[in-house]
Amino acid sequence: MRITAISAEPVSVKLNEPFVVSLGVIDSAETVFTRVETDSGLVGYGEGTGVGFVTGESTDTVLSAIRAFTPALIGANPYAIDHLHRDMDRILVGNGSAKAAIDLALYDLMAKGAGLPLYQFLGGVNATVETDQTIGLGEPEEMARHAREIAAQGYHEIKVKAGSDDEQDEAAISLIRLAAPEAHLKVDANQGWTVPQALRMLQMYAKAGVVALEQPLPYWDVDGTAYLRTRSPIPVMIDESCFTPYDASRIVQRQAADLINIKLMKCGGIYPALQINAIAEAAGVNCMVGCMLESRLAIGAGAHLAASRPNIVYADLDSFNDFDDSTAIASAFELEAPYIHLTDALGIGVSLVG
Ligand code: MG
């Protein structure tokens with residue numbers, strides 16, 4: 001199989017409601033769909049979503065990076081995945097979302113070529129993934145109302161954004177605890193705290209029964225996170241500090257995390273995600289597959305990844321729920337809250353319908 005053509009197209013998606021985190025407000029999203037054609041007649045689909053305040057990318061940079069990668073990819077065999085990532089890394093460092101847009105299409109092709117759904121191509125046996133739902137920052141009462149709604153929909157895992165105002169965070173978690181008494185609550189501070197602040201907040205969250213605390217400190221403060229972890233009554237998860245397998249290696253060497261949040265858009269797709277997961281697993285660290293603002297296409301790929309590895313114990317694959325229904329994608333997973341059921345469709349199982 002040889003790659004004969006690559007095209008990339010920006011797609012605008014509206015969010016049903018603005019989503020607020022400690023780093024900023026998001027009310028609409030743009031994503032990029034890629035289509036990789038081959039001489040076998042098989043077509044692979046990928047997606048790259050630039051989120052500036054996390055990866056430094058935008059729709060424009062994703063499109064121009066894909067254009068920069070294209071000459072190195074034309075004529076190549078999609079199964080040469082390691083070589084193709086090395087080629088992309090030689091052309092541009094970083095640019096994880098643009099690399100993911102290519103990587104996902106290559107995995108879609110590889111699995112289709114093998115006649116398998118992607119999770120089976122990756123070695124998985126279980127087609128079902130449980131996902132959480134995330135509550136963005138807002139008035140504590142409003143956040144609690146959202147928690148009650150999510151719990152009533154059947155979700156057991158709820159992720160709560162924090163990190164902009166300590167008093168609001170404390171009020172929110174106690175109201176959410178009451179609104180969803182059975183839920184497993186994780187808290188994501190999105191780099192919002194200092195070390196002393198995080199120490200205080202950890203004690204408060206431990207009393208509220210929170211099961212994991214994500215990215216308490218700025219992305220560059222891995223040593224601070226390692227220190228916090230020695231004092232933390234709650235498992236500490238790293239997100240924005242881990243983009244690459246090299247980051248993962250440094251994090252496990254410094255014993256800075258109990259959990260790592262792998263995102264396809266940060267690391268550049270499934271190939272580096274598997275490397276990060278293997279490093280974590282070898283060090284006794286579990287992983288979550290998370291997302292930023294991807295549509296059902298990349299969310300489906302994330303679900304296939306989560307379904308393929310027992311070391312991936314959590315999935316935070318909820319962004320597509322916030323999208324207006326007009327987004328033109330049909331994907332082969334079905335959501336039966338809180339479960340994402342992957343189907344027998346080949347590859348990622350996605351078709352673009354409009
Ligand atoms: Mg996070």
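Which residues of strand 3 are buried on one side and which on the other? Val-43, Tyr-45 and Glu-47 are buried on one side, and Gly-44, Gly-46 and Gly-48 on the other; buried means under 20% relative accessible area, exposed over 50% and partly exposed in between, with a 1.4 Å probe and protein chains only. This is a predicted model, in which local features need pLDDT of at least 70, side-chain atom pairs count only at pLDDT 80 or more, and totals for chains, interfaces and linings use all residues. Residues are numbered from 1 along each chain as its sequence is written, and side-chain values use heavy atoms, with hydrogens and water left out.

**Strand 3 and its partner**
- Six of the six residues of strand 3 (residues 43-48) are buried, so this strand is largely enclosed by the rest of the structure.
- Strands (E, at least two residues) and helices (H or I, at least four) are DSSP runs, numbered from the N terminus.
- Strand 2 (residues 24-38) runs antiparallel to strand 3 and is joined to it by six bridges; two strands pair if DSSP finds at least two bridges between them.
- Val-36 stands opposite Gly-44.

**Magnesium site**
- Asp-188 (OD), Glu-214 (OE) and Asp-239 (OD) are the protein donors of the magnesium ion, at 2.1 to 2.3 Å.
- Asp-188 lies in strand 7 and Asp-239 in the loop between strand 9 and helix 10, so the pair ties together parts that are 51 residues apart in sequence.
- Donors are N, O and S atoms within 2.8 Å of the metal (3.2 Å for Na, K and Ca); water is not among the atoms, so sites may look incomplete.
- Both Asp-188 and Asp-239 are buried.
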